Amino acid sequence: EDPKFQITCGGRSASLGLPGPRGAANSALALTLLRELGFSLESLLPALGHVTWPGRMQKIRTPFTEASVYLSGDHNLPGIESLLDLLRFYPRKRLLVLVGIATTKDAGEMLAKLAALPSVELFLTSTPYKKRDLASYGNFLTVAKGVWEEPWSAFQNTAAQAGAGDMVLVTGSLYLVGEILSRLGLKHALGQS
């Protein structure tokens, strides 16, 4: 079961649909802006539980595994750092992370942060846009439990290696997340038609 998150505003608590510290920070920013614009926060607080951010810790179902599967298109170092902060709230046996990073991003630092997580297994792929040559992953190719050029094959193979109680996480690129959503028939989830 997914962790539950809350925010307190004006002495009232509200459930958050956006998970973790980054969800709380984004919700607080929105509430501050709405308050400054003259809206009554009391009437808006219940809506926070229904807010979603497609492609950011988005839980999906797939026939390839019994494990929990999340898509989170964190595509730069600050995004990966906020993802790491968030992952501490998600209990799991193993964390299987499928990563695809565009050529314009610092793959080394991003992968180093992910590889340092406890009970993690890294899997590598390319992204559908700004495709990185897999050889550019360097030493992480020897650390990875699997490497596939094609993202859909990478996703299927990674998910198939996860069991009940494990967590599969796809990250590193919104393009990668969009590709997986598209192949699952969930393309509309990122606002694509």
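Tutor: Glu 150 counts as partly exposed, because its relative accessibility is 30%, a value that falls between the limits of under 20% for buried and over 50% for exposed. The model is a predicted one. Glu 150 sits in the loop that runs between β7 (146-148) and α6 (151-160). Its side chain reaches the backbone nitrogen of Ser 153, at 2.7 Å. With residues up to four places away in sequence set aside, Glu 150 touches Thr 125, Glu 179 and Arg 183. Ser 40, by comparison, is 110 residues from Glu 150 in sequence, and the two C-alpha atoms are 49 Å apart in space.

Phe 64, Trp 152 and Phe 155 are linked into a cluster by ring pairs. In total, the structure holds seven aromatic pairs. One of these joins Phe 5 to Phe 89 in an edge-to-face arrangement, with 5.3 Å from centre to centre and 85 degrees between the planes. Since Phe 5 belongs to strand β1 and Phe 89 to the loop between α3 and β5, the pair ties together parts 84 residues apart in sequence. Phe 5 is buried, at a relative accessible area of 12%, whereas Phe 89 is partly exposed, at 32% relative accessibility. Tyr 70 and Tyr 90 also form an edge-to-face pair, because their ring centres are 5.3 Å apart and their planes stand at 75 degrees. This pair too links distant parts of the chain, with Tyr 70 in strand β4 (residues 68-72) and Tyr 90 in the loop between α3 and β5, 20 residues apart. Tyr 70 is buried at 3% relative accessibility, and Tyr 90 is buried at 6%.

Leaving aside neighbours within four places in sequence, Leu 169 is in contact with Tyr 70 and with other residues including Met 57, Leu 83, Leu 87, Leu 95 and Val 97. The largest nonpolar core comprises 34 residues, and Leu 169 is among those with the most contacts inside it, as are Met 57, Leu 87, Leu 95, Val 97, Val 99 and Leu 111. Elements that give two or more residues to this core include β1 (5-9), α3 (77-87), β5 (95-100) and β8 (167-171). Apart from this core lies another, of 18 residues, among them Leu 98, Phe 155, Ala 162 and Leu 176.

Notes: Residues numbered from 1 in each chain as written. Predicted model: local features only at pLDDT ≥ 70, side-chain atom pairs only at ≥ 80, totals over all residues. Heavy atoms only, no water. Core = buried A, V, L, I, M, F, W, Y, C linked by side-chain atoms within 4.5 Å. Buried < 20%, exposed > 50% of the residue type's maximum accessible area, 1.4 Å probe, protein only. Helix = DSSP H or I, 4+ residues; strand = E, 2+ residues; numbered from the N terminus. Contact = heavy atoms within 4.5 Å. Polar contact = N/O pair within 3.5 Å; in protein donor to acceptor, adjacent residues only side chain to side chain. Phe/Tyr/Trp six-rings, centres within 6.5 Å; stacked < 30°, edge-to-face > 60°.
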